Each structure stands twice: as C-alpha cells, then as structure tokens.
Amino acid sequence: MSAIDTLPPLRQVIADHGLSARKSLGQNFLLDLNLTAKIARQAGDMTECDVLEIGPGPGGLTRGLLAEGARKVLAIEKDMRCMPALAEIATAYPDRLEVINGDALEVDPLAHLTPPIRVAANLPYNVGTELLVRWLTPKDWPPFWQSLTLMFQKEVAERIVAKPGSKTYGRLAILAQWRADAKIVMHLPPGAFTPPPKVSSAVVHLNALPEPRYPADAKVLSHVVAKAFNQRRKMLRASLKGVAPDMEDRLRAAGIEPTDRAEQIDLERFCALAREVART
Ligand code: SAM
C-alpha cells in the first residue's frame, strides 16, 4: 500500500497524542488511509471546492480529503484532545486546513467557507442524522452545499435511499429524495473502525438538485409526511384526519385512496398532497 502523505501512520498519531477512543463522543476511528482516501473520492472533484468536515478526530478522513485535492477543508471537532494532531496536518498542507474546536450542532461554519461547498463526514450516528435533517431543510433552496458524503449506520443509510413499499421508507427518504439524488456508495464492516462498532456502516452520497423534484411547500410537505408516517400502519384517512378540512377529497385529488397507507405513497403523490393541503 502506498502512503497518501508524509505524515505518520494514524496508529502512531493516536499513540503520540493519547487519543484513546471515547464512547461518549461516538469515537470509532478509521485508521486505514487508503480507505479514507477512497471515501474522500466519493465526494467527487474537490479541487475547486471548500469541504466542510464534521468530526475529524485524529484526521484520517481529513488527510484523505486533502490528499485527494480539496481546495480547502474546514474541520469542526468537539474533542479538544484532537487539536494537536489536526495542527500537524494543517502544517503539512499549508493554507488548506482550518480547524474549529466546537460542537457542530452549534457552530455556524458558513463564514469560514467559500462556495462551491461539499460536506464530508464520519460522525456519531445521532449527530449525523440531526445534521442531515438540518442540511436537507434550509430556509431557501438550493442549500449552501453542493453534495453531502456521510457515513451512517447501515440501517440509517437504507432509510435515506428507501423506495415506497419498503419497511425503511419514511420521512427521511422523502426529505432526502425530494431535493437531492441520494445513493449508497460504500459499505463498511465493523472491523473497518477502531474500536469496531456493533453495527455495519455505509457511506451515502447526496447531490443537491437545483430545485425540488416536484413543487410543494417545504413546511406543509414535512408536516403531512410526519403525520402520515407517525402511524405508518394506519390508513391515511385516519393518520391525516384533521390536517385540513375535507381530507378525504384532498387525498383523492392527489391521486391517493383514503384507505392507502403511507408506505405505499411515492414522493410525487406526497408532493401533490402537500399542494392540496396548502390549497385554501
Ligand atoms: N472522522 C474520524 C475518522 O473517520 O476516523 C473520526 C470519526 S468518529 C466516528 C466521530 C468524531 O466526531 C469524533 O472525533 C468525535 O469527537 C466527533 N464529534 C462527536 N460529536 C461531535 C459534535 N457534536 N461536533 C463535532 N464533532 C463531534
């Protein structure tokens, strides 16, 4: 295996800086730099993009992103212990890595980035889902990001790309697929990480569409879909009761039978329903 850069191997970085993995921060590190470079390549051409990386840890993916040519990486890491290791990477790639020690749920990265912007991250699963939902539901579309390349627990990745009729189809699939192309681009077994997590993982790549696939008001669509899947086994005439007057008529006008269940309804008809609900 060829080295992707001249920095020390990650096992040595971890030993030198005492970066024992902390469960409370969801720390499962990727130590194979050829693997992190491969994940970085899934983000597409980064040579003319700034890349926002959340949770760089000891810097495996960060080094992959830089070695693969990212114009600049802005990395936000909560764990102060990682700062010296990340500073060494910044020295090896002058003017291309900026690190913020903070909580990605609280820091606003936009002042530090120049478009076009791609996002890449291997994050703890709860923080990852929360950030994904935020990134998919900005006030205006197109969003600040051109693409998202994110590691998730396999089950969550499957929910993002799920199609109607499958058990994993729900709110996350609709949020993701309404305004982005989403696909699973890599599968990783637990043994790819140190320490290995209990579950398998997958990398999802999302490309932002210039505009939504079908017209709908984002808030109304989100409300209708949340209600519809809140009781996914129920017929829609029951789960959506009270969302708007004459709900059964509105369902039919959207091409949906009131006796249908949420998991049978594709994105196009959910958008039609959101338009019907928004009609006064
Ligand atoms: N990217 C590294 C890798 O692939 O080896 C580390 C991945 S590890 C699964 C997740 C990283 O996210 C850890 O370094 C952890 O400290 C960091 N982290 C956890 N919660 C965070 C938060 N709210 N904001 C920023 N970083 C966070």
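**Exercise 1.** Find where leucine 123 lies, and work out whether leucine 123 is buried or exposed in this predicted model.

*Solution.* Start with the chain: leucine 123 sits in the loop between strand S5 (117-122) and helix H5 (125-136). Next, check its relative accessible area, which is 13%. Buried means under 20%, so leucine 123 counts as buried. Now look at who surrounds it. Skipping neighbours within four places in sequence, leucine 123 touches Ile54, Gly55, Gly128, Leu131 and Met151.

**Exercise 2.** Work out which residues of helix H4 (residues 83-92) are buried, and what covers them.

*Solution.* First, pick out the buried ones: Met83, Ala85, Leu86 and Ile89. Then look down the axis of H4: these residues fall within an arc of 160°, so they line one face of the helix. Here's a handy rule: an α-helix has 3.6 residues a turn, so residues three or four places apart point the same way. Last, the cover over the buried residues of H4 includes helix H1 (10-17), helix H3 (60-67), strand S3 (72-77) and strand S4 (97-101).

**Exercise 3.** Describe how helix H6 (residues 154-161) packs with helix H7 (residues 171-179).

*Solution.* Begin with the axes: they lie 6 Å apart, at an angle of about 55°. H6 and H7 are therefore oblique to each other. Now list the contact: H6 brings Val156, Arg159, Ile160 and Val161, while H7 brings Leu172, Ala173, Ala176 and Gln177. Sort these and you get six nonpolar, one polar and one charged.

Note on methods:
Residues are numbered from 1 along each chain as its sequence is written. This is a predicted model: local features need pLDDT of at least 70, side-chain atom pairs count only at pLDDT 80 or more; totals for chains, interfaces and linings use all residues. Side-chain values use heavy atoms; hydrogens and water are left out. Axes are lines fitted to C-alpha atoms, for helices over the stretch in contact, and angles run from 0 to 180 degrees between N-to-C directions. Helices (H or I, at least four residues) and strands (E, at least two) are DSSP runs, numbered from the N terminus. Angles under 35 degrees count as roughly parallel, over 145 as roughly antiparallel, 65 to 115 as roughly perpendicular and the rest as oblique. Contact means heavy atoms within 4.5 Å. Ala, Val, Leu, Ile, Met, Phe, Trp, Tyr, Cys and Pro count as nonpolar, Asp, Glu, Lys and Arg as charged, and the others, Gly among them, as polar. Buried means under 20% relative accessible area, exposed over 50%, partly exposed in between (1.4 Å probe, protein chains only). The arc is that of the directions from the helix axis to the C-beta atoms.
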